[in-house]
Amino acid sequence: MTDTKIAPKSPKAGANADVASGVAQFLTPVVQELVALAVNGKQAHWHVRGVNFIAVHELLDEVVAHAQEWADLAAERVVALGLPVDGRLKSVADKSGAVNPKLGFQPYDEAIADVVAQIDLAAEKVAEAIDGLDELDPVSQDVVIEIRRGLDKDRWFLFSHVAVK
């Protein structure tokens, strides 16, 4: 007869509780800013107007998809270390530095400026996580370095639509 009383303990992936707690401290704000970026990016995607409409509309969809992927990546790292992560709507609204975007249609340059500002907020949290995770957990630091690389690229692609020189 198989002993069913022995169940695996929560996942720790080799981390101790202090490391997991530290990782959660740095990655939770990253998750929250990326969730806000995804929501506000989608708002911009629906309402962008102007001569560059189709290019910006489609690019904003990619930015949203990336933000969702990266939020999932960061959240799953925390969960893999055995802790929950708070990406609930109210928590994101309360803790994100994001400003509610203007309601309604926007010229493409204003929509881009709003999303770039949101990317900059997320990049700040990512930079803090890169610094804070340096000695704490290099694996988690690698996760946020990957996210930063992607945010920088998305910002560049968006900003290139409005840069003059």
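Visitor: How far apart are the α4 and α5 axes, and at what angle do they pack?
Guide: In this predicted model, helix α4 (residues 108–132) and α5 pack at about 160 degrees with axes 9 Å apart. Axes are lines fitted to C-alpha atoms over the stretch in contact, with angles from 0 to 180 degrees between N-to-C directions. The two are therefore roughly antiparallel (angles over 145 degrees; under 35 counts as roughly parallel).

Visitor: Which residues make the contact?
Guide: Among them are I112, V115, V116 and I119 of α4, and V144, I147, R148 and L151 of α5. Contact means heavy atoms within 4.5 Å.

Visitor: How does that contact divide by class?
Guide: Into 16 nonpolar, 1 polar and 4 charged residues. Ala, Val, Leu, Ile, Met, Phe, Trp, Tyr, Cys and Pro count as nonpolar, Asp, Glu, Lys and Arg as charged, and the others as polar.

Visitor: And α1 with α5, roughly parallel or antiparallel?
Guide: The axes of α1 (residues 17–47) and α5 (residues 138–159) come within 11 Å and cross at roughly 25 degrees, which makes α1 roughly parallel to α5. V23, L27, V30, L34 and L37 of α1 meet S140, V144, I147 and L151 of α5. That contact has 8 nonpolar, 1 polar and no charged residues.

Visitor: Switching topic, what follows α2?
Guide: G82, with a positive phi near 100 degrees.

Visitor: How are residues numbered, and what gets counted?
Guide: Numbering starts from 1 along each chain as its sequence is written. Local features need pLDDT of at least 70, side-chain atom pairs 80 or more, totals for chains, interfaces and linings use all residues, and side-chain values use heavy atoms, without hydrogens and water.

Note on methods:
Helices (H or I, at least four residues) and strands (E, at least two) are DSSP runs, numbered from the N terminus. Angles under 35 degrees count as roughly parallel, over 145 as roughly antiparallel, 65 to 115 as roughly perpendicular and the rest as oblique.
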